[in-house]
Amino acid sequence: MNDRFDAGMKVRRCILGDAHVDRAETAKSPIDEPFQTLITEGAWGTVWASDGISDRERSMLTLALLAALGNFEEIPMHIRATARTGASKQDVLEAFQHVAIYAGVPRANHALKLAKQTYEEMEQE
């Protein structure tokens with residue numbers, strides 16, 4: 001592999017946890033392997049690996065963007081990641097309030113619903 005992939009895999013494991021990454025790697029097939037490499041190098045090895053902002057800030061931005069764009073499927077995964085990034089529940093609430101004002105109340109409302117469910121699951125684990 002290359003340096004960006006290796007860096008991406010390291011950051012991905014740090015933020016999402018070994019169990020999540022191991023499941024994703026096990027589920028990888030020839031169809032999605034190029035895509036998995038792309039996100040490992042691009043998202044994790046470039047964007048998340050940057051020291052330009054903190055993991056906490058990046059986590060808040062990611063959650064806000066996912067909600068604003070209606071990409072709700074990844075919100076639970078990134079809520080779980082807040083346990084590793086340092087973004088608090090209050091930070092997430094603040095991010096989703098911005099979504100409500102700048103991208104729409106329904107999207108923020110749905111994102112909050114997912115966050116609440118995920119936090120409840122995390123507390124039971």
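Is Ala 27 buried or exposed? In this predicted model, Ala 27 belongs to helix H2, which covers residues 18-27. Its relative accessibility is 58%, so Ala 27 counts as exposed. Between Ala 27 and Gly 70 there are 25 Å in space, C-alpha to C-alpha, and the two are 43 residues apart in sequence.

The largest pocket holds about 470 Å³ of space. Its lining is made up of 21 residues, and those nearest the pocket centre are Ala 43, Trp 44, Glu 74, Met 77 and His 78. Two or more lining residues come from each of helix H1 (3-16), H2, helix H3 (33-47), helix H4 (55-68) and helix H5 (75-85). Of these, H3 gives the most, with six residues. Sorted by class, the lining of the largest pocket comprises 13 nonpolar, five polar and three charged residues.

The second largest pocket contains about 160 Å³ of space. Here H1, H2 and H5 each supply at least two lining residues, and the largest share, five residues, comes from H5. Among the residues lining this second pocket are Ile 15, Asp 18, His 20, Arg 23, Met 77 and Arg 84. The class breakdown of this lining is six nonpolar, two polar and four charged residues.

One aromatic pair is found in a search of the whole structure.

Note on methods:
Residues are numbered from 1 along each chain as its sequence is written. This is a predicted model: local features need pLDDT of at least 70, side-chain atom pairs count only at pLDDT 80 or more; totals for chains, interfaces and linings use all residues. Side-chain values use heavy atoms; hydrogens and water are left out. Rings of Phe, Tyr and Trp (its six-membered ring) pair if their centres lie within 6.5 Å; planes under 30 degrees apart count as stacked, over 60 as edge-to-face and the rest as tilted. Helices (H or I, at least four residues) and strands (E, at least two) are DSSP runs, numbered from the N terminus. Buried means under 20% relative accessible area, exposed over 50%, partly exposed in between (1.4 Å probe, protein chains only). On a 1 Å grid over the protein atoms alone, a cavity is a set of points where a 1.4 Å probe fits but cannot get out, and a pocket is an open set with protein on both sides within 12 Å along at least five of seven lines; lining residues have an atom within 4 Å of a point. Grid points are joined across faces, edges and corners, and a volume is the space filled by probe spheres set on the points. Ala, Val, Leu, Ile, Met, Phe, Trp, Tyr, Cys and Pro count as nonpolar, Asp, Glu, Lys and Arg as charged, and the others, Gly among them, as polar.
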